[in-house]
Amino acid sequence: MTDTLTDAEFEQFRSIIYSESGITFSETNRSILESRIKELIREKSVASVNDYYKLVTTNSDEMKYMLDAVTTNLTRFFRNQAHFDALEHFVIPNILKEKEKVGNTKIRVWSAGCSTGEEPYTIAMLLKSILPAPYTFAITASDLSLKSLMTAKLGYYAASKVTGIPDSYLAKYLTKSTDGYQMNKEIMDTIHFDYHNLKHAITERNFDIVFCRNVLIYFDEPAQRAVINNFYEAMAPHSYLFIGHSESLFGMDTKFEFVKTEQTTLYQKNEP
């Protein structure tokens with residue numbers, strides 16, 4: 001078995017992955033897809049690329065497993081600190097003003113594409129430390145990768161993974177063990193981890209904050225537009241969207257308003 005897919009095989013897998021998830025593999029990242037498909041073929045001990053294609057297209061569990069395997073999961077605690085500075089000093093103060101008007105004390109957050117959990121845990125630690133009484137929060141954290149979600153749900157990280165966490169948070173919200181750190185229950189209880197394919201709309205509504213960073217880059221423009229529109233429908237009237245620093249809604253037909261803060265740029269759903 002060669003290390004590369006034929007053009008026809010590459011097109012088959014590229015098409016089915018796009019159809020099922022909206023994730024796009026171009027010639028630029030073809031080698032990533034090829035290497036992961038070959039690994040899966042060896043792992044499943046199937047005879048050929050064609051046999052593996054038949055397996056994933058006739059078995060929904062195998063399809064989920066393949067999508068998990070070809071998804072890139074790169075994350076860390078407090079990744080892009082400017083976003084969390086804006087969350088603390090701009091977004092939360094504005095949301096609290098809106099909440100006070102209607103007597104609502106619950107803040108709802110969606111971490112979309114949460115990978116192994118560093119992002120939602122970062123958000124949880126920050127909100128836990130800054131929200132005044134009587135405000136509370138709940139975070140929905142979703143991903144296409146079941147393997148990543150299992151890691152996230154455990155809330156246990158090697159010492160090398162927690163380097164971005166401030167010492168004060170580390171002492172307050174995590175418990176040290178021999179070779180790593182365990183998230184404390186008070187933080188874990190604020191997060192609900194769940195499998196979700198961003199190609200489909202989420203059933204939950206009225207999120208005040210959505211984080212979806214470094215995920216849109218894997219979608220083509222039609223898929224990006226669909227995802228962004230789904231976010232808009234799932235968000236509360238006065239709410240905020242964070243996307244990756246290399247991502248933009250510029251030129252996209254969307255109802256979101258561009259917001260530039262002292263710390264970074266983000267987007268707002270601003271309806272009466």
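Predicted model: local features only at pLDDT ≥ 70, side-chain atom pairs only at ≥ 80, totals over all residues.
I looked up how E1 and E2 are joined. Strand E1 covers residues 106-112 and strand E2 covers residues 136-143. Seven bridges connect them, and the two strands run parallel. I noted the general rule too: strands of a sheet pair through backbone hydrogen bonds, either parallel or antiparallel.

**Entry 2, the whole sheet.** In what order do the seven strands of the open sheet lie? I read E6-E2-E1-E7-E8-E10-E9, with mixed pairing. The edges are strand E6 (191-195) and strand E9 (257-260), and each of these pairs on one side only. From one strand to the next, the twist averages 25 degrees.

Next I checked the length of H6, residues 118-130. Its 13 residues should span 18 Å at 1.5 Å a residue, and the end C-alpha atoms are 18 Å apart, so the two values agree. H6 lies across E1, E2, E6 and strand E7 (207-212). Its direction makes an angle of about 175 degrees with E2. Is H6 mostly covered or mostly open? It is mostly covered, with 10 of its 13 residues buried. I listed some of the buried residues, including Glu118, Pro120, Tyr121, Ile123, Met125 and Leu127.

Where does H5 bend? The bend is at leucine 87, by about 45 degrees. Leucine 87 is also one of the buried residues of H5, and Phe84, Val91, Ile95 and Lys99 are among the others. I then looked for what covers them. The cover includes E1, H6, E7, strand E8 (235-243) and strand E10 (265-270). Just after H5 comes glycine 103, with a positive phi of about 70 degrees.

Why does asparagine 214 count as buried? Its relative accessibility is 18%, and buried means under 20%. Leaving out residues up to four places away in sequence, asparagine 214 touches Arg79, Gly244, His245, Ser246 and Glu247.

Terms used: Residues numbered from 1 in each chain as written. Heavy atoms only, no water. Helix = DSSP H or I, 4+ residues; strand = E, 2+ residues; numbered from the N terminus. Expected span 1.5 Å × (residues − 1). Buried < 20%, exposed > 50% of the residue type's maximum accessible area, 1.4 Å probe, protein only. Pairing = 2+ DSSP bridges. Axes fitted to C-alpha atoms, helices over the stretch in contact; angles between N-to-C directions. Contact = heavy atoms within 4.5 Å. Bend = angle between axes of the 7 residues up to and from the residue.
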